[in-house]
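Let's take a friendly walk through this model, one pair of side chains at a time. Keep the viewer open as you read.

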Amino acid sequence: MSDNPCLSCGACCASFRVDFDRSELESEGGRVPDGLAVELTGRLVRMRGTDHAQPRCAALSGKVGQKASCGIHEWRPSPCREFGERAPMGIGDDACTRARARYGLAPI
């Protein structure tokens, strides 16, 4: 897992909205800390900071593309778990390539 470029990149965390079902929040039996989410609808919540004009997830630490990390990596919501699933194998996808391009990073 140490070769996984996602564990130090952070471009996706500073490029996209992250919406997920409220059942993933700690208060609902999930693992995502409630304070890191904002309510959208009765069932849908969004990671704090990802709805800004220049998105940056509140759980992201460090500098994108150099030394970035997720402060809740073990407890991150499902969209984050599903994003870039093949990156540990050195295989990027279109969304990853777009996010990395925003920060002048080469595709995986």
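## Ground rules

Two residues are in contact when their heavy atoms come within 4.5 Å. This is a predicted model, where local features need pLDDT of at least 70, side-chain atom pairs count only at pLDDT 80 or more, and totals for chains, interfaces and linings use all residues. Residues are numbered from 1 along each chain as its sequence is written, and side-chain values use heavy atoms, with hydrogens and water left out.

## Arg100 and its surroundings

Start at Arg100, which sits in helix α3, residues 94-102. Helices (H or I, at least four residues) and strands (E, at least two) are DSSP runs, numbered from the N terminus. Leaving out residues up to four places away in sequence, Arg100 touches Cys9, Ala11, Leu105, Ala106, Pro107 and Ile108.

Arg100 is buried but has no salt bridge, and Asp93, the nearest side chain of opposite charge, is 9.4 Å away. Here buried means under 20% relative accessible area, exposed means over 50%, and partly exposed lies in between (1.4 Å probe, protein chains only). For charge, Lys and Arg count as positive and Asp and Glu as negative, while His and the chain ends are not counted. A salt bridge needs a side-chain nitrogen of Lys or Arg within 4 Å of a carboxyl oxygen of Asp or Glu.

## Salt bridges

How many salt bridges are there by this rule? The count is 3. Arg46 pairs with Asp19, with the closest N and O atoms 2.5 Å apart. This pair links distant parts of the chain, since Arg46 is in strand β3 (residues 44-47) and Asp19 in strand β1, 27 residues apart. Arg46 is buried at 13% relative accessibility, whereas Asp19 is partly exposed at 29%.

Arg43 and Asp21 also meet in a salt bridge, at 2.7 Å from N to O. Arg43 lies in the loop between β2 (37-39) and β3 and Asp21 in strand β1, so this pair ties together parts that are 22 residues apart in sequence. Arg43 is partly exposed, with a relative accessible area of 44%, and Asp21 is partly exposed at 28%. Arg22 and Glu28 form a salt bridge too, at 3.8 Å from N to O. Arg22 is buried at 17%, and Glu28 is partly exposed at 42%.

## The loop between β1 and β2

Glu24 is found in the loop between β1 and β2. The side chain of Glu24 does make a polar contact with the side chain of Ser78, at 2.7 Å. A polar contact is a pair of N or O atoms within 3.5 Å; within protein, one must be able to donate a hydrogen and the other to accept it, and residues adjacent in sequence count only if both atoms are side-chain atoms. Not counting residues up to four places away in sequence, Glu24 touches Gly30, Arg31, Val32, Pro77, Ser78 and Pro79.

Ser27 is in the loop between β1 and β2 as well. Is Ser27 buried or exposed? Ser27 counts as exposed, at 52% relative accessibility. The side chain of Ser27 makes a polar contact with the side chain of Asp34, at 2.5 Å.

## Aromatic pair

The structure holds 1 aromatic pair. Phe16 and Phe83 form this tilted pair, 5.7 Å centre to centre with 45 degrees between the planes. Phe16 lies in the loop between α1 (6-9) and β1 (19-21) and Phe83 in the loop between α2 (78-82) and α3, so the pair ties together parts that are 67 residues apart in sequence. Rings of Phe, Tyr and Trp (its six-membered ring) pair if their centres lie within 6.5 Å; planes under 30 degrees apart count as stacked, over 60 as edge-to-face and the rest as tilted.

## Nonpolar core

In soluble globular proteins, nonpolar side chains tend to be buried together. A nonpolar core is a set of buried Ala, Val, Leu, Ile, Met, Phe, Trp, Tyr and Cys residues joined through side-chain atoms within 4.5 Å. Of the 18 residues in the largest core here, those touching the most other members include Leu25 and Leu60.

Leu60 belongs to strand β4, residues 60-63, and is buried at 8% relative accessible area. Leu60 and Gly10 are 50 residues apart in sequence and 7.2 Å apart in space, C-alpha to C-alpha.
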